[in-house]
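Thanks, everyone. Let me put the model up, and then we'll walk through its charged pairs and its helices.

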Amino acid sequence: MNIEHVAVWVHDLERMRRFYETYFGASANDKYTNRHKQFTSYFLTFPESACRLELMSRSDIQGEAMPALGWAHVAFALGSAEAVDELTARLQADGYELVDGPRLTGDGYYESVVHDPERNKIELTI
């Protein structure tokens, strides 16, 4: 198991992408857009690192309704859909809250999201 990516909510997606490209040598994937949720994101990869950074923004939410800016979740790559399903079921059986999934997302991830004991989001993915 390893940390696959960490996600952060941002106001200015393009400015943040350029910052990480300029100062940390990051390379961005093609921008992902979910028009239904008015959600956009980039996954940034870094030289000599398997862990990625996801920059996320939503144009339809402003003010207090906006998710808190900053870190959104940490994602653990488990290696298979079966492993995602098994750990998700185990966590639920032990009383941890399932936030979403397991499901195949619009950008091709198979994932579920659960809360840890302090309600931080943990994404389980392949």
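Start with glutamate 111 and arginine 103. Their side chains meet in a salt bridge, 3.9 Å from N to O. By salt bridge I mean a side-chain nitrogen of Lys or Arg within 4 Å of a carboxyl oxygen of Asp or Glu. Glutamate 111 counts as buried because its relative accessible area is 9%. Arginine 103, at 29%, is partly exposed. The cut-offs: buried is under 20% relative accessible area, exposed is over 50%, partly exposed is in between, with a 1.4 Å probe and protein chains only.

Ground rules, quickly. This is a predicted model, so local features need pLDDT of at least 70 and side-chain atom pairs count only at pLDDT 80 or more, while totals for chains, interfaces and linings use all residues. Numbering runs from 1 along each chain as its sequence is written, and side-chain values use heavy atoms, with hydrogens and water left out.

Back to the charges. How many salt bridges does the structure hold? There are 8. One of them joins arginine 52 to glutamate 4, at 2.9 Å, N to O. That pair links distant parts of the chain: arginine 52 sits in strand E5 (residues 52-58), glutamate 4 in strand E1 (residues 2-9), 48 residues apart. Both arginine 52 and glutamate 4 are buried.

Next, glutamate 14 and lysine 31. Their closest N and O atoms are 2.9 Å apart, in a salt bridge. Glutamate 14 is in helix H1, and lysine 31 is in the loop between strand E2 (27-28) and strand E3 (32-34), 17 residues away. Helices (H or I, at least four residues) and strands (E, at least two) are DSSP runs, numbered from the N terminus. Glutamate 14 is partly exposed at 22%. Lysine 31 is partly exposed too, at 40%. A salt-bridge network ties together Glu14, Arg17, Glu21 and Lys31.

Now helix H2, residues 81-93. Its 13 residues should span 18 Å at 1.5 Å a residue, and the end C-alpha atoms are 18 Å apart, so the two agree. The expected span is 1.5 Å times one less than the number of residues. Which residues of H2 are buried? Val84, Thr88 and Leu91. They cover an arc of only 65° around the axis, so they lie on the same side of H2. That arc is taken from the directions from the helix axis to the C-beta atoms. The face turned away from the buried side carries exposed Glu82, Glu86, Arg90 and Ala93. Just after H2, glycine 95 takes a positive phi of about 95°.
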